[in-house]
Structures are given as C-alpha cells and as structure tokens.
Amino acid sequence: MNIHRVTFDHPDAVKLNDQVQAEYAVRYGDEGDVTPLDPSMFQPPIGLYLMAYDAQGRPVATGGWRTQDENDEGYSDGDAELKRMYVVEEARGNGLARRILAALEDDARAAGRTRMVLETGNKQPEAIALYASSGYEPCVKFGHYRFHEDSRCFAKLL
C-alpha cells in the first residue's frame, strides 16, 4: 500500500468520502456526518489529508486531521481533530487504518499539536476498538455531535 498526501477535494478523496457517508447513513439511519468541513482545513501546516492506494492504484483508505483550538464546541488549545478515517470494505483487516492513524499523529505532533481528538459513534465498534488499542481514552464530548446520544469522543496526548 502507498500512502500519499492529497487535498480533501481530490477526486479520490471525494469518492471515498461519499462511500463513508453512505456507510454512516446505513449505520445511523440518517444523512451521514454533516460536520462542516472545507478543504482548506486539511492544508499543512494546519492539517493533513492522506489517501492510501493499493498495488493497482485504487484508493482504499483515507484519514485527515485539522487544527482545533479552544472554542464554543468544546475543543482545547493544541487539539488536532481526526476526521474521515475510512477503509473500503475489501481492504479492511490489513492494518491500513492503523498506518494512517500513526502518520496523522506524527504529522500533527510535528505541527505542534498536543492532543489528537476524535468523535465516532456507538454503531462503529471497530473504530472504537482501533482507537482504544491505539491509546485513545474517552473524553468530554466536543464538536458538532457533542449533544448526540450515539456520539463517543476520545483523546490521546501527542
């Protein structure tokens, strides 16, 4: 697998974002994640968006981080927020999410961020297991879904 930096509006990123949104819609019975996101949020040095490609050059996984600082949605100064971690179904179980997560953590740390935070949901047990096994711990809820019953927030010091 090859992991490359791409923009959030790159055609492959858009394609996988559409796929993850469809999966969220099925799991939660809604329209998917409506957190407002803009491609500029993932531009270094304030963020990063990664895409993994298989040996045939097909996009198979994504993930990004964006800068967050203290605000009225519950973030703290120094936060890097993980967004759009996703692996296509046929590529799951190969450690791709863990590789992307590690690369994002390293990049956020190098950019001076002190804590990686993420929001997921209780209907994504595999995501929760990945984050727990990677050192993330439950934290006070933040972000767009902080008042939603199914929301689960996690954090890890970088």
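The model is predicted, so local features need pLDDT of at least 70 and side-chain atom pairs count only at pLDDT 80 or more, while totals for chains, interfaces and linings use all residues. Numbering starts from 1 along each chain as its sequence is written, and side-chain values use heavy atoms, with hydrogens and water left out. Helices (H or I, at least four residues) and strands (E, at least two) are DSSP runs, numbered from the N terminus.

**The H2/H3 helix pair**

- Helix H2 (residues 96–110) packs against helix H3 (residues 125–133) at an angle of about 50°, and their axes are 11 Å apart. Those axes are lines fitted to C-alpha atoms, for helices over the stretch in contact, with angles running from 0 to 180 degrees between N-to-C directions.
- That makes H2 and H3 oblique to each other. For the cut-offs, under 35 degrees is roughly parallel, over 145 roughly antiparallel, 65 to 115 roughly perpendicular, and the rest oblique.
- On the H2 side the contact is made by Ala-97, Arg-98 and Leu-101, and on the H3 side by Leu-130, Tyr-131 and Ser-133. Contact here means heavy atoms within 4.5 Å.
- Sorted by class, the contact of H2 with H3 has 4 nonpolar, 1 polar and 1 charged residues. In that scheme Ala, Val, Leu, Ile, Met, Phe, Trp, Tyr, Cys and Pro are nonpolar, Asp, Glu, Lys and Arg are charged, and the others, Gly among them, are polar.

**Cysteines**

- A disulfide is a pair of cysteine sulfur atoms within 2.5 Å, and by this rule the count comes to 0.
- Cys-139 is in no disulfide, and the nearest cysteine sulfur, that of Cys-153, is 5.3 Å away.
- Cys-139 is partly exposed, with a relative accessible area of 22%; Cys-153, at 5%, counts as buried. The scale runs like this: buried is under 20% relative accessible area, exposed is over 50%, and partly exposed is in between (1.4 Å probe, protein chains only).
- Cys-153 sits in strand S7. Leaving aside neighbours within four places in sequence, Cys-153 has contacts that include Leu-118, Glu-119, Pro-138, Cys-139 and Phe-142.

- Pro-44 and Pro-45 are joined by a cis peptide bond, with omega about 10°. Pro-45 belongs to the loop between helix H1 (11–28) and strand S2 (47–53).
- Arg-84 isn't a glycine, yet has a positive phi of about 55°. Arg-84 lies in strand S4 (residues 79–87) and counts as buried at 5% relative accessibility.

**Phe-8 and its surroundings**

- Phe-8 is in the loop between strand S1 (2–5) and H1, and at 12% relative accessibility it counts as buried.
- Not counting residues up to four places away in sequence, Phe-8 touches Ala-13, Val-14, Asn-17, Leu-37, Asp-38, Pro-39, Phe-42, Tyr-49 and Arg-84.
- Phe-8 and Gly-64 are 56 residues apart along the chain, but their C-alpha atoms are separated by 8.4 Å.

**Two loop residues**

- Asp-30 is in the loop between H1 and S2 and counts as partly exposed at 33% relative accessibility. Beyond its neighbours within four places in sequence, Asp-30 is in contact with Tyr-24 and Ala-25.
- His-144 is found in the loop between strand S6 (137–138) and strand S7 (151–157), and is partly exposed with a relative accessible area of 35%.
- Setting aside neighbours within four places in sequence, His-144 is in contact with Val-34, Thr-35, Pro-36 and Glu-73.
- His-144 and Leu-96 are 48 residues apart in sequence and 27 Å apart in space, C-alpha to C-alpha.
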